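I opened this notebook to record what I looked up in the structure. The entries follow the order in which I consulted the model.

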Amino acid sequence: MAVTTERPRLAAAPNVRTRSARRVRDEQPIGLPIRRTKPAWEKAFQRRLVVSDFVILTLTLFAAQAVWIGVDTTHQVDTTLPLAIPYSAASVVLLGLWMGALKVLGTRSPRVIGSGFAEYSSIANASFRLFGLVAIGALLFQFLPARGYIVSAFPIGVLLLTASRWAWRQWLRGKRRSGRYLVRVLLVGAPSSVEHLHQEFARRAYLGFEIVGACLPPRAMENAHELPVDGLGSFEDVAVIARRERVHVVALAGSEDLPPESVRRIGWRLESTGVDLMVAPAITEVAGTRIHTRPVGGLPLMYVDSPSYEGGKKTAKSVLDFGLAWLAIILASPLMIATAIGVKLTSPGPVLFRQQRIGLNGKAFDVFKFRSMRIGADAELAELLKQQGTADTPLFKVDNDPRITRFGAFIRKYSLDELPQFFNVVRGEMSIVGPRPQRAEEVALYDNAAGRRLLVKPGITGLWQVSGRSDLSWEDTVRLDLYYAENWSLLDDFVILLWTVKTVLQSRGAR
């Protein structure tokens, strides 16, 4: 199916229409039957997901049957009831139930596909709920399927489904980078809120939001040309513009000129168009696990949990860090020995480089690295930063650093110089995943926001390293580190570790 994302030609600018003409077009019966305005690509993409889910589950179930039961199609499920149920029939029934659970629990909903962990968690939720129902049903109706068949099929199925969705997500993001498979969005709010939301959407281009324009307060229309998006009309024109521009979503960015009654009326008018209404809260960089909604008397309240830096999660992270660090030291010991020999043979000076860094709650500690620079490199840093014009930026990185040795450039490219920091993890000074530790001179340049990086242990790898390594600006580095510090979880740590392997192998942005 051909998909087009060409932007429709705009009609005459809204500010040249008469107010009464716009009002006549906008005032229409409220409460007409809703028919959602879906992007043209949505159904085709969902069909692809259905086919891939079906193929994966079919292979998983019948492979598990072949391994645990054999290929004999006449083999029957053990039961105390006078029934004859072949395993092949049981696999077909289980396949249908599994596909149904994935559909009913919204694993292919357009609101979860393409980004975030909601899609993956919904797959696990649907699968293990079905697993529980199958276990209860087997107990009640005295079916005794082979335990290996059930116990292996479900986790393997979840793993393969998750991998498949991840692969489809990469495919979808590739299409979006080329300007296809987009969701057309109309922003509504005050100019500052609209500009902020536009920046957030632009930073997350993989979401596929195509901003077609904005509706602003009437008093702000005169200065609409200063915004990064077209000012298409005022708040009263939202439904008209949404229909005209073939919008899929209207995003309310907030404004003092948009009271609750006006928001209700916008929602009513959008009902007949089928356009989704999305409310963007003023808070950003908060993970979904910290957000809870509670309707009170028709008023949807949003609770935001405070960041958690203590308790069971912190203890679990410390235990895992200690165990994984020792495992890494043991497994990487031949590589560390080879790196140490390379450093010793290629440049004069010690093998290890020790430098004071600032860690958790501002406490200083000595970080260990394999030396990748010539002797006396620290004394040259201030002058190099001054020449580069970045002496007042708390990210002391020198472009084309002349102090790095030839072998040092190699071990930095593949992050081998960081391996001794696993000993810092064992000593409890660092974590495997966290913000990078910085020098006292850099920390002295922190503002209040950047200082929140010190609320968690520094790490060997982190969110900003896998998002661009040294190529990121200081502002983006702080934003990513703060997001991690305030929203960290063990699952996020696992994902960051996987992305670290990919980033190191690609040797992107290392300096």
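**Entry 1: aromatic pairs**

I looked up the aromatic pairs and found that the structure holds 11. Rings of Phe, Tyr and Trp (for Trp the six-membered ring) pair if their centres lie within 6.5 Å; planes under 30 degrees apart count as stacked, over 60 as edge-to-face and the rest as tilted. I took Phe45 and Trp168 as one of these pairs; they are edge-to-face, at 6.0 Å centre to centre and with 85° between the planes. Phe45 lies in helix 2 (residues 42-68) and Trp168 in helix 5 (residues 147-177), so the pair ties together parts that are 123 residues apart in sequence. Helices (H or I, at least four residues) and strands (E, at least two) are DSSP runs, numbered from the N terminus.

I then looked up Trp171 and Tyr181: their ring centres are 5.3 Å apart and their planes stand at 75°, so this pair is edge-to-face. Trp171 lies in helix 5 and Tyr181 in the loop between helix 5 and strand 3, so the pair ties together parts that are 10 residues apart in sequence. I note that Trp41, Phe45, Trp168, Trp171 and Tyr181 form one aromatic cluster.

**Entry 2: source and conventions**

I record that this is a predicted model, in which local features need pLDDT of at least 70 and side-chain atom pairs count only at pLDDT 80 or more, while totals for chains, interfaces and linings use all residues. Residues are numbered from 1 along each chain as its sequence is written, and side-chain values use heavy atoms, with hydrogens and water left out.

**Entry 3: accessibility**

Phe45 counts as buried at 2%, and Tyr181 counts as buried at 4%. Trp171, at 29%, counts as partly exposed.

I also looked up Lys103, which lies in helix 3 (residues 87-104). Lys103 is exposed, with a relative accessible area of 64%.

**Entry 4: charges over a ring**

I looked up Trp488 with two lysines. A charge sits over a ring if NZ of Lys or CZ of Arg is within 6 Å of the ring centre and within 35 degrees of the ring normal. The charged end of Lys313 sits over the ring of Trp488, 4.7 Å from its centre. Lys317 lies over the face of Trp488 at 5.3 Å from the ring centre.

I traced an open sheet of 5 strands in the order 5-4-3-6-7, with parallel pairing. Two strands pair if DSSP finds at least two bridges between them. Strand 5 (231-234) and strand 7 (276-279) stand at the edges with a single partner strand each, so one side of each is left without a neighbour in the sheet. The twist averages 30° from one strand to the next. Strand 3 (residues 183-189) and strand 6 (residues 249-254) pair in the parallel sense over 5 bridges, and Leu186 stands opposite Val250 in strand 6.

**Entry 5: helix 11**

Which residues of helix 11 (residues 406-413) are buried? I found Gly408, Ile411 and Arg412. Helix 11 is followed by Ser415, whose phi is positive, near 60°.

Technical notes: Buried means under 20% relative accessible area, exposed over 50%, partly exposed in between (1.4 Å probe, protein chains only). Axes are lines fitted to C-alpha atoms, for helices over the stretch in contact, and angles run from 0 to 180 degrees between N-to-C directions.
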